[in-house]
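Okay, thanks for coming, everyone.

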Amino acid sequence: MEKKWWHGKIACQIYPKSYCDSNGDGIGDLRGIISKLDYLKALGVDLIWLSPVYRSPFVDQGYDISDYYEIAPEFGTMEDFDELLREVKARGMHLIMDLVINHCSSEHRWFQAALADPEGPYGSYFYFREGKDGHAPSNHRSYFGGSAWEPVPGRENLYYYHMFAKEQPDLNWYNPKLLGELYDMINWWLEKGVSGFRIDAIINIQKNTAFPDYPADGPDGLCAPGVVVENASGIGPMLEDLKRNTFQKYDAFTVGEVFNMKEEELREFIGEDGHFSSMFDFSQHLLTSGEHGWYEERPFCFGTWRDAVFEAQRKAEPIGFLSNIIENHDEPRGASTFLPDYAQNDAGVKMLGTVSVLLRGIPFLYQGQEIGMRNCRMESVGEYDDINTKDQYELALRMGCTEQEALACCNRMSRDNARTPMQWSDAENGGFTDGTPWLKVNPDYRTINVAAQERDPDSVLHYYRRLTALRKDPRYADTFTYGRFEPAFEDADGQIMAYVRRDGRNRILVAGNWGPDRAALSPDGAVKELLLNNQAELRTDGEGRIVLESCQAVVLLLA
């Protein structure tokens, strides 16, 4: 494998609105991020991915962009951004922007011009279609519920297409003039000095532009957007054209948010000459979401989860690098999702972090993961801000759930679980702001916060620092970056998550006990050194086996 500059790096996603508020308006901002760069550096972070900071009406929290060349005033100015970029580089780190190019905001000048004249030049930047028999052009459902077609105000029987909110019209990637505008914008940011992009919802750019109906999969008579994507084709040439005209010219790091990819396309996406440097592994996150909505959510099952992680690693190993996550801005907190109730403690959080960060691929942390932030229980649906959560709440009610049941599934699955403000201290509002926070601060900030964990050498934060330092240790860095991934103890009693990272120099066993009882394991080879342990000691039994207590994770160098 050709070595790239981003190999061996550790990334962290920052959700700017909730990270650190520097001016007391209740909204996190760029200057707040600048103030925390030394903290991120000490955490072992090399790549900082910023969720969107472009100008936006924030219908979908910045994923509805009204101007790709401007910073949202809520976050600061372009001068603030330039300072952030300089300060990131001064610390030997890299800044990764969020690239949202399947759709824009309905307030973008392109769409406003298109609405004024759908038959004009900007009309073909989007998808306008005539209705059928007094109804929408097809039965496609949007990701946020309801039809993916919205009537054009003042025009009889004319609709525009949006796979997300109606305020997020889809861009027509089959229009060369639009592509030229998008490519110019991407290159403008790369010329400015950003090191790459996380690329949002990118597989959705492919369309069957005939927009046919598909079999309905719900009582609303509509079909899921995933079905629409799976029945479209031609994504490969589109992504290659994008790469050739932008990323490739700057040796940029790119990580794709890709759902509904055909399995045989993995090499095309992340192979040696793939469309992207990497793509997120969502296999474990898809296990808990219900088939039709959150009201059908499935409980965490350790065996199914472990098998999904192992299978994703097996498939990717001969091809390229996945980006490994346990949470992000679109998912509930990993500590509340991938641990049984008895393991939702500091030891369990450390264990989950251990087996995630040392997988083959690019580790992506998410703000607050390093202190074990949890889901935030809301008392009513009115406390949520997220457009998707409100839709899922209403869907649950329509499907027969009580208000209490609908709220309970939102408390477990809402995207706002990860969007609550960062917990810096036990001061009011968790030290996030001196003002009124834009979203409720999780009440557990009094016990789970950075300041308290800085003072405690046994804290989750200090453990994460040791974990990232181990991955980068010159003695083991190549093993963790390029070494083989080999599942271990799949047939062990209890609930063991274990694997070996191996190359010509080292064999390293990573193991965690998800079970409620201790478990004894016989490693394949003598233990040369205990590299990391999330509990006070590592015991052995009378037969020389290592004994893992419940929620214990260890990293062992084997002979």
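This is a predicted model: local features need pLDDT of at least 70, side-chain atom pairs count only at pLDDT 80 or more; totals for chains, interfaces and linings use all residues.

Residues are numbered from 1 along each chain as its sequence is written, and side-chain values use heavy atoms, with hydrogens and water left out.

On terms, helices (H or I, at least four residues) and strands (E, at least two) are DSSP runs numbered from the N terminus. Axes are lines fitted to C-alpha atoms, for helices over the stretch in contact, and angles run from 0 to 180 degrees between N-to-C directions.

Back to our pair. H5 passes H7 in a right-handed crossing, that is, with the near helix turned clockwise from the far one by less than a right angle. Who makes the contact, meaning heavy atoms within 4.5 Å? From H5 you have Leu-179, Tyr-183, Ile-186 and Asn-187, and from H7 Met-238, Asp-241, Leu-242 and Asn-245. By class that contact has five nonpolar, two polar and one charged residues. Here Ala, Val, Leu, Ile, Met, Phe, Trp, Tyr, Cys and Pro count as nonpolar, Asp, Glu, Lys and Arg as charged, and the others, Gly among them, as polar.

H5 also packs with helix H3 (residues 78-90), at an angle of about 55 degrees with the axes 11 Å apart. That pair is oblique too.

Now over to H12 (residues 387-398) and H13 (residues 403-413): their axes come within 9 Å and cross at roughly 145 degrees. H12 passes H13 in a right-handed crossing. On the H12 side the contact uses Thr-389, Tyr-393, Ala-396 and Leu-397, and on the H13 side Glu-403, Ala-406, Leu-407, Cys-409 and Cys-410. That makes seven nonpolar, one polar and one charged.

**Some single residues**

Asn-442 sits in the loop between H13 and helix H14 (450-455). Is Asn-442 buried or exposed? Buried, at 5% relative accessible area, where buried means under 20%, exposed over 50% and partly exposed in between, using a 1.4 Å probe and protein chains only. A polar atom of the Asn-442 side chain lies 3.0 Å from the backbone oxygen of Asn-375.

Next, phi. Most residues other than glycine have a negative phi. Phe-211, though, has a positive phi of about 45 degrees; Phe-211 is in the loop between strand E9 (196-199) and helix H6 (225-230), and counts as buried at 4%. Cys-551 has a positive phi as well, near 70 degrees. You'll find Cys-551 in the loop between strands E20 (546-548) and E21 (553-558), buried at 3%.

Last stop: Val-555, in strand E21, is buried with a relative accessible area of 0%. Its C-alpha is separated by 8.3 Å from that of Thr-354, 201 residues apart along the chain. Val-555 touches Thr-354, and others including Leu-358, Phe-480 and Leu-531.

Notes. Contact means heavy atoms within 4.5 Å. A polar contact is a pair of N or O atoms within 3.5 Å; within protein, one must be able to donate a hydrogen and the other to accept it, and residues adjacent in sequence count only if both atoms are side-chain atoms. Angles under 35 degrees count as roughly parallel, over 145 as roughly antiparallel, 65 to 115 as roughly perpendicular and the rest as oblique. Lists of a residue's contacts leave out its neighbours within four places in sequence.
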